[in-house]
Amino acid sequence: MSVLVYTENWDGVFKKLSFELVSYATKVAEMIGTSVTAVSIGDVADDELNRLGTFGALKVIKVEGNTNLDNQVYTSILAEVAKAEDAKVVVISHNNTGKAIAPRLSVKLNAAVGAGLIKLPVSTNPFTVSKKVFSGKAKANVVLKTDVKILTLSQNSFEVIEKGGAATIETFAADVSDAKTVVKDVQKQTGKILLNDAEMVVSGGRGLKSADNWGVIEDLAEVLGAGTACSRPVSDEGWRPHEEHTGQTGKIIAPNLYIAAGISGAIQHMAGISSSKCIVAINNDADAPVFESSDYGIVGDAMKVLPALAEAIKEAKNK
Ligand SMILES: Cc1cc2nc3c(=O)[nH]c(=O)nc-3n(C[C@H](O)[C@H](O)[C@H](O)COP(=O)(O)OP(=O)(O)OC[C@H]3O[C@@H](n4cnc5c(N)ncnc54)[C@H](O)[C@@H]3O)c2cc1C
């Protein structure tokens, strides 16, 4: 019996996300009295795989050579490993990859899914998880009744815990003969902080009035080393690319700092960012709903406040 955790790598390197997942899986394993096995798919050096032991994995299973980014293949591999390891809980990220894998894996393992979790299970007998519902307006405790459970964890919602252990590494030969797609070419975004990885995010809404005004968002983001985001009408208008849109129908993020400028704070927008550790709202309407969900609020014109903030941060950095 074990808790299995799927650790994604990016060109052979793990990011903080993978360590959050292993830390979370380790705590779940402690709750049900078992150990953690991490699965890594693709070519990752043993030194890098060893790092997973630091966060609590006792065993790392490497499945090499399957870097074709096919989620159906990844699901088949994870299902095989889960059965071989007698996994009772499988932990996956609640990112695009995880959202593609979890339902498929659920069918293959006849496993209930607790999706988009931000904390540890409430209890293990019955196995109960707490999750946000109704776009974050309420929380529900959900009992997962199947023998095997799949948990998808929201990024940046669980702390990385270094335990200082070591893992044994084993190779697994997976049967991927059911691959139905061939990835011929991969073009990766470069030179930009990816929204899901960003510790800080500066975001603009319709209040910025036009694409031409986005310089004030980008300048502040650059000074902070932050990613940039936007509300849905902004990407619908084509002012910003769709991958920047956060909310119910966009990306769900949980950065340490989210600055919302010219954003009214509609429930559908807040659903994507309400797990941010600190929310700062800039709006010229003192009654804008966004202020109800913000830690700090500035009533003012975003076109003046954003450059003033950037200037003040630059000055503070140069001191
Ligand atoms: C099914 C469904 C799903 C949706 N999904 C999403 C989603 O995923 N993400 C999302 O964002 N929306 C989503 N929406 C849309 C959502 O309901 C809101 O319409 C949208 O979030 C509003 O965007 P906004 O705050 O940028 O614009 P507005 O609501 O127009 O607000 C603009 C704000 O800017 C302020 N402002 C104006 N000028 C200035 C200035 N100079 N300085 C400072 N502030 C200024 C105004 O006071 C106002 O509060 C969805 C809607 C539906 C029905």
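**Close-up views of the predicted model**

**View A. Packing around helix α2.** The buried residues of α2 pack against α1 (16-32), β4 (35-41), β5 (57-63) and β12 (168-171), as seen here in a model that is predicted. In this helix, which spans residues 46-54, the buried residues are Leu49, Leu52 and Gly53. Viewed down the axis of α2, these buried residues fall within an arc of 110°, so they line one face of the helix. Just after α2, Gly56 takes a positive phi of about 120°.

View B. Strand β8 (residues 123-124) runs antiparallel to strand β9 (residues 127-133), and 2 bridges join them, with Ser123 having Thr128 as its bridge partner in β9. The hairpin that joins β8 to β9 passes through 2 residues. On to strand β10 (residues 138-143), β9 pairs in the antiparallel sense over 6 bridges, and Ser130 stands opposite Asn141 in β10. The hairpin of β9 and β10 has 4 residues between the strands, and in this hairpin Phe134 takes a positive phi near 50°.

**View C. The shell of residues around the ligand.** There are 27 residues around the ligand, of which Gly205, Gly207, Ser231, Gly247 and Ser264 come nearest. By class, the shell is made up of 8 nonpolar, 15 polar and 4 charged residues. At least two residues of the shell are supplied by each of α6 (232-236), α7 (267-273), β16 (278-283) and α8 (302-318).

Conventions
Residues numbered from 1 in each chain as written. Predicted model: local features only at pLDDT ≥ 70, side-chain atom pairs only at ≥ 80, totals over all residues. Near = placed C-beta within 6 Å. Nonpolar A, V, L, I, M, F, W, Y, C, P; charged D, E, K, R; others polar. Pairing = 2+ DSSP bridges. Buried ≥ 20, exposed ≤ 12 C-beta atoms within 10 Å, placed from the backbone. Arc of directions from axis to C-beta. Contact = placed C-beta atoms within 7 Å.
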